[in-house]
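Open the model in your viewer and keep the selection panel handy.

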Amino acid sequence: MKRIGSSYHGIPSWVFVIAGVGGLLVVLPLVAMLAKVNWPQFIPLITSESSLAALGLSLRTSAASTVLCIVLGVPLALVLARGEFPGQRLLRAFVLLPLVLPPVVGGIALLYTFGRQGLLGKPLEAAGIQIAFSTTAVVLAQTFVALPFLVVSLEGALRSAGNKYEAVAATLGARPTTVLRRVTLPLVLPGLASGAVLSFARSLGEFGATLTFAGSLEGVTRTLPLEIYLQRETDADAAVALSLVLVAVAVAVVGLSYGNRQRNKPVEVQP
Amino acid sequence: MSFEFQASLAARNFHMSLNLSDGETVAILGPNGAGKSTLLGVIAGLLRPDSGKATMGGATNGNSNRTLFNLDGGTRLWSPPHLRGTALLAQDALLFPHLNALDNVAFGPRSAGASKRAARETAQHWLTEVEALPLAGRKPAQLSGGQAQRVAVARALAAEPELLLLDEPMAALDIHAAPLLRRVLKRVLQDRKAIIVTHDVLDAYMLADRVIVVESGSIAEEGPTRRVLERPRSHFAAGLAGLNLVTGTLTSEGITTPDGRVFAGRHDPEWSPLPGQAGVAAFPPSSVSVFPGEVHGSPRNSFPVVITDLEPHGDQIRVRARSGASEQALSADITPAASADLGLVPGMDVRFVVKSALVSVYPS
């Protein structure tokens with residue numbers, strides 16, 4: 001602890017004990033994993049052909065699904081936060097469903113939508129487009145599970161910003177699209193950025209829906225989490241080394257979004 | 001008429017109609033919740049009434065009337081806020097926090113399709129107008145309340161609104177910042193169509209040609225600023241002007257209140273009274289003397305009251321009291337010494353005596 005707060009915090013001391021246990025539950029497994037890392041072989045392990053293929057695929061698909069989350073999630077968050085229409089609460093509940101749904105279930109649902117015998121898959125197949133068990137399927141699976149993170153984060157930012165600035169901008173003669181581009185989006189940019197970062201992190205870690213809907217083809221659908229799961233059976237050292245890579249990426253992502261928030265401190269008013 | 005407006009919104013008990021001629025500034029006065037902000041919201045297009053109609057006359061030749069909305073007779077014409085030409089300036093400056101002062105002011109011209117450069121030149125012009133050009137490069141967070149509000153005035157004017165709506169623009173400012181903004185507003189509102197909602201009588205005097213007093217969703221009285229504040233007919237306007245107001249029926253020498261008390265006073269010389277007509281008697285608290293004890297008989301301009309409050313008012317004590325069955329609020333200003341001599345306390349029964357030479361009587 002760097003500094004002991006001078007103001008009264010009112011937290012009973014036993015709360016600190018339980019909070020400490022909670023913290024340990026998260027930190028201890030990471031420490032245990034660190035202890036298991038085969039450091040002399042670390043670089044060769046994570047730069048093996050299959051590892052690099054999985055890492056590259058993971059980064060590419062996660063970037064693609066983050067873009068898709070922004071494209072679809074911004075309008076969703078806008079209509080949920082600002083719109084007034086029948087079924088709004090129901091729509092919100094459904095958009096948030098993937099947060100609590102087991103990813104395997106999501107994968108099965110996607111399979112019955114885009115699979116060869118699926119709702120949309122059949123006509124798409126007739127048109128010569130096959131989605132299931134392709135890289136596109138990986139991106140769709142990741143978007144499915146990551147979208148709620150962006151929507152929740154952005155909807156919260158939109159709600160707390162209110163629409164006072166938008167009303168003023170409109171009376172100044174700005175069309176709704178201009179208001180969205182020049183006022184709304186800049187104002188909620190921190191919320192959008194942290195939502196995008198969370199979506200990226202969720203996409204990167206996606207396993208269940210991807211395995212069910214996209215399978216595990218090396219270089220095509222085998223992302224890093226799938227590679228780790230496979231390696232664990234045959235080469236535990238490689239699995240641990242790759243896990244550490246994912247932990248490092250996750251820490252970087254969280255650090256990035258936290259750093260973002262720190263920079264938005266108010267500036268001193270000058271007379 | 002250049003701007004004509006009439007609207008009803010049942011959910012807020014709002015029923016108002018008003019007209020503005022070219023270059024006219026109207027002050028809307030009224031207690032909190034009277035419907036002042038509702039009025040501005042409906043005009044700006046941010047709030048939809050149940051029924052009503054509003055048109056804006058052409059800026060110069062008057063032959064191109066624009067309909068802002070028309071919800072009467074089955075039509076559902078509702079023009080969106082950005083097509084109305086009614087810039088709204090609120091109590092908070094609401095400058096866009098991510099843009100500096102210059103780009104905030106350039107926002108209106110940019111939205112109207114001006115190039116970045118032309119918009120910035122317009123913005124510099126308006127920043128100069130509100131004495132804020134040196135602040136052009138600052139972000140809103142680096143501006144004081146008064147500075148931000150002046151930049152907001154420039155931003156509203158740069159959008160070239162046909163009608164400027166000001167919703168208590170001075171209310172959030174400290175007393176040191178308000179005079180400069182008031183001076184700026186006085187200059188820029190000259191020859192400009194504007195509606196200013198305020199509860200400061202000074203704003204009405206300095207900025208408005210005409211005053212509209214609203215009470216519980218409708219117009220209580222209106223007229224030239226000077227007349228409304230010198231000859232108030234509503235209790236709210238009388239309160240703003242610092243006058244006591246008693247309503248009753250006109251007689252040849254004054255008025256008679258509903259509970260039968262006679263108020264003698266001076267009639268307006270420009271007007272000959274018609275006995276039996278409804279009228280008011282207005283008098284300043286300084287014309288009222290306070291006496292202890294019961295009233296015997298019913299002498300003129302003397303009536304029993306119950307003291308409700310005592311408060312300092314300049315170097316005087318303001319005695320607030322209620323009178324008669326109507327519980328009418330009246331006040332008297334007396335010296336602290338007199339107050340101490342009489343031992344005045346809230347709840348005490350005393351007598352107010354008003355000098356008839358200082359009572360103005362006119363029809364309501």
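## First stop: a hairpin in chain B

Select residues 302–313 and 349–354 of chain B: these are strand 18 and strand 21, which pair in the antiparallel sense over five bridges. Strands here are DSSP runs of E with at least two residues, helices are runs of H or I with at least four residues, and both are numbered from the N terminus. Two strands pair if DSSP finds at least two bridges between them. Within this pair, Phe303(B) has Phe352(B) in strand 21 of chain B as its bridge partner.

Before moving on, a word on the model: it is predicted, local features need pLDDT of at least 70, side-chain atom pairs count only at pLDDT 80 or more, and totals for chains, interfaces and linings use all residues. Residues are numbered from 1 along each chain as its sequence is written, while chains are lettered from A and ligands numbered from 1 in the order in which they are written.

Look for Asp309(B), whose bridge partner in strand 19 of chain B is Arg320(B). Strand 18 and strand 19 of chain B form a hairpin with two residues between them. In the turn, click on Gly314(B), which has a positive phi of about 65°.

## Two open sheets in chain B

Next, colour the strands of chain B by number and find the open sheet with the order 14-13-12-16-22-15, made of six strands with mixed pairing. Its edge strands are strand 14 (262–264) and strand 15 (266–267) of chain B, and each pairs on one side only. Further in, strand 12 (residues 244–250) and strand 13 (residues 254–256) of chain B are joined antiparallel by two bridges. There, Leu250(B) stands opposite Ile255(B) in strand 13 of chain B.

A second open sheet of chain B has five strands in the order 2-1-4-5-6, with antiparallel pairing. Strand 2 (14–20) and strand 6 (77–78) of chain B stand at the edges with a single partner strand each, so one side of each has no neighbour in the sheet. Select residues 66–70 of chain B to see strand 5, which runs antiparallel to strand 6 of chain B and is joined to it by two bridges. Opposite Asn70(B) you will find Leu77(B) in strand 6 of chain B.

Which helix lies across strand 1 (3–9), strand 2 and strand 4 (51–56) of chain B? Helix 1 (residues 36–44) of chain B does, running at about 115° to strand 1 of chain B. Angles run from 0 to 180 degrees between N-to-C directions, and axes are lines fitted to C-alpha atoms, for helices over the stretch in contact.

## A helix pair in chain B

Select residues 145–158 and 178–188 of chain B: helix 4 and helix 5 pack at an angle of about 15°, with their axes 10 Å apart. That makes helix 4 of chain B roughly parallel to helix 5 of chain B (angles under 35 degrees count as roughly parallel, over 145 as roughly antiparallel, 65 to 115 as roughly perpendicular and the rest as oblique). Residues of helix 4 in this contact include Val153(B) and Leu157(B), and those of helix 5 of chain B include Leu181(B) and Val184(B). Two residues are in contact if their C-beta atoms, placed from the backbone, lie within 7 Å.

## Over to chain A

Chain A has 13 helices and zero strands. Its C-alpha trace spans about 65 × 60 × 35 Å along its principal axes. Select helix 3 (residues 49–82) and helix 10 (residues 189–205) of chain A, whose axes come within 9 Å and cross at roughly 140°. These two helices of chain A are therefore oblique to each other. Among the residues that meet are Cys69(A) and Ile70(A) in helix 3 of chain A, and Phe200(A) and Leu204(A) in helix 10 of chain A.

## Last stop: where the chains touch

Show both chains: 21 residues of chain B are in contact with 20 residues of chain A. Helix 2 (residues 101–111) of chain B gives the most to its chain's side, with three residues. The predictor gives the complex an ipTM of 0.81 and a pTM of 0.81.

Finally, colour by pLDDT, the predictor's confidence in each residue, from 0 to 100. Chain B averages 88, and 94% of its residues score at least 70. Among the elements of chain B, helix 2 has the highest mean pLDDT (96) and strand 15 the lowest (80).
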